[in-house]
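This report looks at charged side-chain contacts and at one part of the surface. Please view the sequence and the structure before reading on.

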Amino acid sequence: MPVRSDAALAFLASRRSVPPKLLSGPGPEGAALEQLLTLAIRVPDHGKLAPWRLIVLSRTRLDQMVAPITAAMTAQGAGEAVIAKAISALASPLIVAVILSPVASDKIPLREQVMSAASVCLTLLQAALAAGWGAAWLTGPLAEDKLARDLLALGEGESVAGLIHIGRFDGEALPDRPRPELADKVSFL
């Protein structure tokens, strides 16, 4: 029987992502990072396929990605401001790339595998925030197919489900953003 957790409910009612530009280092490492990753993969997974994998991008590796991303975006005709914004997203102390890695299955449709990978993203985000880190779930140029294949060594059929930015956040509580009204989004049949 489930046990009610008022602390978990209060956390979910007030949780707020922290923009990467507000994160500082160092990010989680060692046992703290292992705990977050362990919690992240405790997600719904019909058929126990584990149709995802995680790539932990250290600060050193993120710095190495700046030049190839800049070159690729320049070749695509992106302006300096667009490139600067994309590169600034790599300034996080730590990024965990959640990779959708579908498994061939006659029983489990691809859409359920995609949702399982998205659940890993959300669970990792929630775990990092609950553990006292600042965190955000983004995508951006590193999640685009060609760059992701080249820089993250993705396999055939793999794609980036999300990039979870994690670091210290020592600022004041962020204001909540407007949320939709339940009456506009919920119907009862």
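## Exposure terms

A residue is called buried when its relative accessible area is under 20%, exposed when it is over 50%, and partly exposed in between. R59, at 28% relative accessibility, is therefore partly exposed. The model discussed here is predicted.

## Salt bridge within a helix

The structure holds six salt bridges. One of them joins the side chains of R59 and D63, with an N to O distance of 2.7 Å. Both residues belong to helix α3 (residues 59-75) and are four residues apart, about one turn of the helix. D63, with a relative accessible area of 46%, is partly exposed.

R53 lies in strand β1 (residues 52-57), while E158 sits in the loop between α6 (145-152) and β4 (159-167), so the pair ties together parts that are 105 residues apart in sequence. E158 is buried, at 15% relative accessible area, whereas R53 is partly exposed, at 29%.

## Salt bridge of R168 and D170

In the salt bridge of R168 with D170, the closest N and O atoms are 2.3 Å apart. R168 counts as partly exposed at 33% relative accessibility, and D170 counts as exposed at 58%.

## Nonpolar surface patch

L182, V186 and F188 make a nonpolar surface patch of about 380 Å². V186 is placed in the segment after α7 (182-185). Its relative accessible area is 38%, so V186 is partly exposed.

Conventions: Residues are numbered from 1 along each chain as its sequence is written. This is a predicted model: local features need pLDDT of at least 70, side-chain atom pairs count only at pLDDT 80 or more; totals for chains, interfaces and linings use all residues. Side-chain values use heavy atoms; hydrogens and water are left out. Patches are made of residues with over 30% relative accessible area and no salt bridge: like charges are joined within 9 Å, nonpolar side chains (Val, Leu, Ile, Met, Phe, Trp, Tyr) within 5 Å. Accessible areas come from the Shrake-Rupley method with a 1.4 Å probe; for residues, only the protein chains shown count as cover. A salt bridge is a side-chain nitrogen of Lys or Arg within 4 Å of a carboxyl oxygen of Asp or Glu. Helices (H or I, at least four residues) and strands (E, at least two) are DSSP runs, numbered from the N terminus. Buried means under 20% relative accessible area, exposed over 50%, partly exposed in between (1.4 Å probe, protein chains only).
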